[in-house]
Amino acid sequence: MPLPKVDAVVIGAGAAGPIVAKELAFAGWRVVLLEKGRWNTPADCRKDDLRNQRNATLGYPFGPEEEGNPRVIVDLNGRERVVRPSEPGYNNNAFCVGGGTLSYGAMAWRFHPNDFRMRSTYAAKIPRAFENSTLEDWPISYDDLEPYYEKAEWEIGVSGDVSGDPFKGPRRRPLPMPPLPPTREHEILEKGARRLGLHPFSIPMLRNSVPYNGRPACMRCRWCVGFACEVDAKNGTQNTVIPAAMATGNLELRTECSAREILLDGKGNATGVAYFDWDGRLWEQPARYVVVSCGAIESARLLLNSRSRLYPQGLGNRFDWVGRNLQGHTYTGANGLFDEIVYDDLGPGASIAICDYVHGNPGLAGGAMLANEFIRLPYQFVSGIRDPDVPRWGRAHKDFVRRAYRRIIPVQGPTQEIPVFDSRVTLDPRVRDKFGIPVARISGYRHPHTIEISEFMAERAAEWLRASGAVKVWLRRAGRGVSAGQHQAGTCRMGNDPKTSVVDAWCRVHDTDNVYVVDSSVHVTNGAYNPVLTIMAIAYRAGERLAREGRRA
Ligand SMILES: Cc1cc2nc3c(=O)[nH]c(=O)nc-3n(C[C@H](O)[C@H](O)[C@H](O)COP(=O)(O)OP(=O)(O)OC[C@H]3O[C@@H](n4cnc5c(N)ncnc54)[C@H](O)[C@@H]3O)c2cc1C
Ligand code: SF4
């Protein structure tokens, strides 16, 4: 059923889409924001260790729903499985207003300048990182994004102190809020880092350390990452740009509305979006511009499902690049057991980081930021952090948990991944979702050099823990299967050449005048840091330009 035409439809109310919607609404555009999930509240996850966005034993509180949203995952041996959202291999982030930003840990990293020029930095020095990989430079630089990093930090709200990081890119302004006071782990790890000659500092966080933007400071509860914040001190799009844009009267947010396809005219431009509402009714929303922001897996799926005579293989897919280069972050590190009590159980937990190993590691094309872990729930402690030499049952297990729960520090980091052409999202030829739309099929592998870098990073984490006084250390190693997860990226690569990329440097899909992809899909590489601040900065840059130069009614 067709609806009145608007200036822009933005699809996906996660980290990126609402920022573009806000820029357009503030410029006077009439905008509709479609979101597949609901507008959730903290009560939806009830502080349940087994049902939060990091542990879906009993399902995800912030979407997607278990029924009707399958994906297909193909393992390294070519075996395929149909998976529900809570099952391993699904690679979920979140489907709700705010997307991942409602329940995230909220680390707010800028990428390093070299993260945008991986070919220029490493092609001559580390040729094996380029064998069977699509490692490339971005068409934009750190300097192009710097003003937009700053805008995200001040408008969404970041606390921290990065003045002690000598490896960061240039910045014009400090962060708007000071860091939260250091935790016990922070103090212990800081001493260890100094002993090694490293440069520790307080992690930048999208979290209020003092009252900011009309909302209170963090009260340091123990249900942070994976949960929505009860006092609204965690800053996401759901409590910043979305309400601001709605207050202009120019933005209409439609929740529980799932885009089926982008509608195309004979010249290959978009005329609007076909979507299903909560009741399964099919609507057509005509628009001058369509902005896609469904997360790296679902944005690729939507483009592949948007076909026309000109685009028989999917919108933007003339050269078979949509869905390619799927990447995330290989998380490796180490856990250290201490004699003394080290864990004070104060949220958000993560507090201290080092960036000494982000670049410049001998024989390696990249590295990672290393930080201590967020708050840890007992279930997570038992399943992931515990000493692998201790039995998982009986008296020995119980004694260990009693003794060690507050004596272990996990340190880890997001390894910069080497992108691979064959790690990808395609459409499954058989499996469909509850609306009858073909689902994402995820296949591929990690590049061997990614494994090399992540092994090196695990050793560095272990070294840091030992220097901090750990009496026993064990490593967390990487798997070899395809990477995506909550840091999924890369499936609609940004580039200047339409033959080897999907969008241009302003996020416009090549060959179209009016379709944009603005989320983590456009990342050429995914940096050595958590990605969300970069996602937000790219969205601010694309949204500001579209608001300035786009045509509206
Ligand atoms: C528990 C957790 C912890 C995290 N911690 C951090 C951290 O500390 N730091 C960091 O940098 N990152 C963190 N992340 C990752 C971060 O949240 C993501 O990188 C970021 O949200 C991705 O932004 P996006 O805009 O690409 O996609 P998303 O935020 O995933 O948004 C996509 C939105 O599109 C909607 N959508 C999908 N398909 C459709 C459709 N067909 N129609 C309509 N809507 C659709 C989805 O429902 C979703 O709301 C974390 C994530 C989680 C879940
Ligand atoms: S630790 Fe702070 S930001 Fe996190 S949920 Fe608790 S109060 Fe909110």
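Analyst: This is a predicted model. In α3, Asp144, Leu145, Tyr148, Tyr149, Lys151, Ala152, Glu153, Glu155 and Ile156 meet α10 residues Leu533, Thr534, Met536, Ala537, Ile538, Tyr540, Arg541 and Glu544. By class, the residues of this contact are ten nonpolar, one polar and six charged.

User: Why are α3 and α10 called roughly perpendicular to each other?

Analyst: The axes of α3 (residues 142–157) and α10 (residues 532–549) cross at roughly 105° and come within 8 Å. Angles of 65 to 115 degrees count as roughly perpendicular. The two helices are therefore given that label.

User: What makes alanine 106 count as buried or exposed?

Analyst: Its relative accessibility is 3%. Buried means under 20%, so alanine 106 counts as buried. Alanine 106 sits in the loop between β4 (80–83) and α2 (118–122). Its phi is positive, near 75°, and the residue is not a glycine.

User: Why does lysine 47 count as partly exposed?

Analyst: Lysine 47 has 36% relative accessibility. Exposed means over 50% and buried under 20%, with partly exposed in between. Lysine 47 therefore counts as partly exposed. This residue also has a positive phi, about 50°, and is placed in the loop between β2 and β3.

Notes. Residues numbered from 1 in each chain as written. Chains lettered and ligands numbered in written order. Predicted model: local features only at pLDDT ≥ 70, side-chain atom pairs only at ≥ 80, totals over all residues. Heavy atoms only, no water. Axes fitted to C-alpha atoms, helices over the stretch in contact; angles between N-to-C directions. Helix = DSSP H or I, 4+ residues; strand = E, 2+ residues; numbered from the N terminus. Parallel < 35°, antiparallel > 145°, perpendicular 65-115°, else oblique. Contact = heavy atoms within 4.5 Å. Nonpolar A, V, L, I, M, F, W, Y, C, P; charged D, E, K, R; others polar. Buried < 20%, exposed > 50% of the residue type's maximum accessible area, 1.4 Å probe, protein only.
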